[in-house]
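I opened a new page for this protein. My plan is to look up a few features and note each in turn.

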Amino acid sequence: MADPTPLPDAGALRRAERFTRETFVHEGELPEDALALGSARRRALDAALAELDAGAKAPSVAWRREYSLLLGLERLLSEEEPRLADGTLLNPHQVDALSGTLTALMAEVQSRSANGNGRVAVDPAPEASDEPPPLASAAIPGEEELDEEEGEPDEEPQDWQDEPSDEDDDGQMAEQPEDPNAAKRFWFEHATGAGKTVAALGFVEASRTGGVLILTHRRNLVDQFHGELRERGYGRRIAAPLLAGQDSPAGPVTVETYQWFVRNAGQISDAYSIVICDEAHTALGEKTSASIRRWDGPVFIGMTATGALIARHVTDLFPTQTSRFDLAQAARRGVIAPLRCIRIPPGPGVRTIAKVPLRRGEVDTEFDQDMLAELLDQLPFNLAIADLYKTRFNGVPGVVYTAGVRHAYNVAQAFRDVGLRAQAVSGETPKRELARILAEYERGSIDVLINAQLLAEGWNSPRATVCMHLAPTASKRIYQQRVGRVTRRHPGKEAGIVVDFVHPATKHDDPVVTLHSLLDRDVYRGGAIVVGPVRRGRGRRVRVERRVLPVTPEPERRAEVFERELWRIAVEHLDYAEQHVWAALAGARVAPNGWRRAKAMLHFDRQGDLKRRFLITAVERNRNAQLRLRALQEIAAARDAEAFDQAIDMMATWPRDERREGVKIMLQALAEKRIGRRDQANAWIWRMAEYTREVHEEYAVQRWPETKRLLGLLVNSSGGAHARNARRLVHAARRQDRRLSAALLAAALAHTPEAEEALRGARTRMARKPSALARELLRNFPRGRRGRGSRRRRKGKEGVVAEGAAVVVGAEALDGEELELDDELDGDEGPSPEVAEEAYDEALDADEPVEEAPPLPAGDREDVEEAVAEALEHDAETLVVARPRRRRGAGRRRAGASARPRGAAAASAEANGGAPPEAVNGSGDAAEAQIALELVPALEAPDAPAARPRRRRAPRRRRAVARAEVE
């Protein structure tokens, strides 16, 4: 079917374009497509031709309000690179704001056209009928054809019952729209510094015939907008306010305040087809919003940087959002400067800010400013802030926000007292003086501007770098407006610096707003980039800390931070419970190369609770066996009875070999120092003896073969016989020496209460001195081999007395001879010199030289003798007397001392009148030998075959040490 309304000819099209100052067919378009029937441009063309035919010289107010902005946006956006009058290229987010508004306008025009309000020919409406049109069924598909049951009400059930009234008989009233002009009010959100003003001038460029009214909340911003208009090439369009009866089709641009708009509501000229509301959140007041709702002619466009924070309130007045370009997006794209953050803990007096009440305003909630100013306005605090700014940001331009006007002036005086170029401004500052101060700040004569809230919105200074929130705020809207003062890019400005006076670990759920809560960041790292690209190189004004803190309040996200940043967390700033969480995680995950670092991160733990948790978790859950043993050593060194007990319990789950090593460490600790009470130590020793029962059983069987029979009877019996066998083993153990008796009791295993009671009593009597018992059990463990090339422990002035005693018997047999000593006796390695030294020193319990030690009681003397004997004998308790080897080129082979049992050595000494064998020292020095024999007294022992020594070269230093000890 042919088009009922043919396209206008080229002459009519040119007449309409001159009349409207707009283009109907853009470059690259076909008239048939651009002016299709029902399109917005076709309706604008038809309306313009109709007004021309009527003799109009300029577009009417109705046409301008309907089509001026729409056609202008289509023209501007049809360009490949949209630009302003002065050639300024619009950024993509600014283009998004214009295109979003165009889309919304076209949708609004189309919706009104579909309702029959446009000029498009529509089908005649069907004749009215008494029956309402059928409604869509809400039933399950397939149930629409089911007949309704008889007796069911036709209406939807309701939860209330209205009282009958006379008005019900007259019929229901038609529903009236609450806000008829809501469809022509739009808003977009752009971050501060992202160029909202340039986007607003894009609407000025689009509207060539319709007037533009720009509303802002401060008088100084009116002058700022005028300067932008002149700079961008729209100075000729600036006009005084047009009131009722005044008209101008040349697209006048007027900038006024919201206060002026409220005072003149209802008297403003209809020449304004566009009203731009700068900082749209400030237009949400009762009077301003009511005036906007009553004026239903023009298109309202709100722009703000904090719309997302108060979206519910903004959308009440501006229902349609056309674009969003928030702070994070702007920083990531590099449109604004990146933001760094520093948190500074407030002083003790400032911590009482939690007691300052919150006051609910029209838009958001804020602290009571009077109480806040009373709390913060203190001379010492002001001087401390000034000194802080000078120390960290001397010479860096910034802006400081205080709790009140008086507070601002007092802080400014404190800044000047420390030599900073600072000035305070407020609403009380005269306009000319305010303009002068702001100009001096831009020139660099002033470095710090201090205010309460005057410079939070609208004021633009690319030079501002530091934003210090001296007065905290509970409003995210106010906080973001403050931060927006340092987001503009400037030569030499690497990033904006935000200073929050809060504890470093403050979470997002705290009433005080921080940069991290505003941007919903999980981790705080002092001085680091919070949002925006990281630009490496010169220009950074602050030091970036190495450690981080989780600041999100959500447990799941905090757990993720712990998982990801475990070794970078500043543990001292966490809550006490989370410090324990960190210690547990660190103990479970620490690696060998990170052990010292993990312990260093707990340097603040004076009580030791966190270190205990770290070590206990390492013992329990760490996968590295060496670290588990290392944790055991540190638990033993700490002498913490509770941790010691827990560690012994955890060793029960270890593999056998690792459990043996752990038991050796704990027994060594009990032998060297007192840990816990005596009954506790006794229980620990026998519990660990149970862990290593096979070790003690092996020693007992090797030492006394009757052990195997006694243990077999105990294990294979039950009932009363089991108890009798347990008592029999106890009686047998009493007849043996203490070491063998302890081994027998450790190897015994009872499985009836009577037998357990018998063993427990014997063990209790045996453990009169836990350190001696631990030492006896410790001797039963086999010692590993020590290689020839292993590094020997360096001996100081005190030396190893036991080693000297062992060497003096045979090492000095031939002066200058190199000797080879036996390291293996009967298939087992003898005790090392280190063990002898530690055992002997522990037995004497003195740090002084041996000759200065006080006399020991008889009981302790016995321990000393056995400890020294353990250092010098093998399991058969034989003393090795080294046999010298003939050196190359030497004469006849000299006789060396042979190994013999200790009893034989003692008998030989007695037969010679206390003198040692003549082989000692090669000269029969009886005094030196007597010293050696006094250190190692003869003990009764079973006869054992003499072990043939394996000859090994003895170092010269060892002989020298032995000689020095004897002398």
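**Overall.** I began with what counts as an element: helices are DSSP runs of at least four residues and strands are runs of at least two, numbered from the N terminus. On that basis I read off 37 helices and 21 strands. The model is a predicted one. I then looked up burial and found that 50% of the 967 residues count as buried. I also looked at contacts with a separation of 6 or more, and 74% of them join residues 24 or more positions apart.

**Aromatic rings.** I searched the whole structure for aromatic pairs and got 11. I took Tyr389 and Phe393 from this search; their pair is edge-to-face, with 5.5 Å from centre to centre and 65 degrees between the planes. Where do Tyr389 and Phe393 sit? I found both in helix H13 (residues 379–393), four residues apart, so about one helical turn separates them. Tyr389 and Phe393 are both buried.

Next I looked up Phe644 and Trp684. Their ring centres are 4.9 Å apart and their planes stand at 45 degrees, so I noted the pair as tilted. Phe644 belongs to helix H23 (residues 641–651) and Trp684 to helix H25 (residues 678–691), so this pair ties together parts 40 residues apart in sequence. I checked burial here as well: Phe644 is buried, and Trp684 is too.

I also noted one aromatic cluster, made of Phe261, Trp295 and Phe300.

**Charges over rings.** I turned to arginines placed over rings. Arg343 lies over the face of Tyr524, 5.0 Å from the ring centre. Arg628 has its charged end over the ring of Trp654, at 5.7 Å from the centre.

**A helix pair.** I picked helix H19 (residues 576–589) and helix H21 (residues 609–621). I noted an angle of about 35 degrees for their packing, and their axes are 7 Å apart. Is the crossing of H19 and H21 left-handed or right-handed? I recorded it as right-handed. I listed the residues that meet. On the H19 side they include Tyr576, Gln579, His580 and Ala583. On the H21 side they include Asp609, Leu610, Arg613 and Phe614. By class, I have eight nonpolar, four polar and three charged residues in this contact.

**Backbone and loops.** I kept one reminder in mind: most residues other than glycine have a negative phi. Arg21 is not a glycine, yet its phi is positive, about 60 degrees. I placed Arg21 in the loop between helix H1 (10–20) and helix H2 (31–34). Its relative accessibility is 41%, so I put Arg21 down as partly exposed.

Glu279 is not a glycine either, and its phi is positive at about 50 degrees. I found Glu279 in the loop between strand E4 (272–278) and helix H9 (286–294). Is Glu279 buried or exposed? I have it as buried, because its relative accessible area is 4% and buried means under 20%.

My last entry is Lys769. It is in the loop between helix H30 (753–766) and helix H31 (770–778). At 31% relative accessibility, Lys769 is partly exposed. I also looked up its distance to Ala671, 98 residues away along the chain: the C-alpha atoms of Lys769 and Ala671 are 9.7 Å apart.

Note on methods:
Residues numbered from 1 in each chain as written. Predicted model: local features only at pLDDT ≥ 70, side-chain atom pairs only at ≥ 80, totals over all residues. Heavy atoms only, no water. Phe/Tyr/Trp six-rings, centres within 6.5 Å; stacked < 30°, edge-to-face > 60°. Buried < 20%, exposed > 50% of the residue type's maximum accessible area, 1.4 Å probe, protein only. Lys NZ or Arg CZ within 6 Å of the ring centre and 35° of its normal. Axes fitted to C-alpha atoms, helices over the stretch in contact; angles between N-to-C directions. Left-handed = near helix turned anticlockwise from the far one by under 90°. Contact = heavy atoms within 4.5 Å. Nonpolar A, V, L, I, M, F, W, Y, C, P; charged D, E, K, R; others polar.
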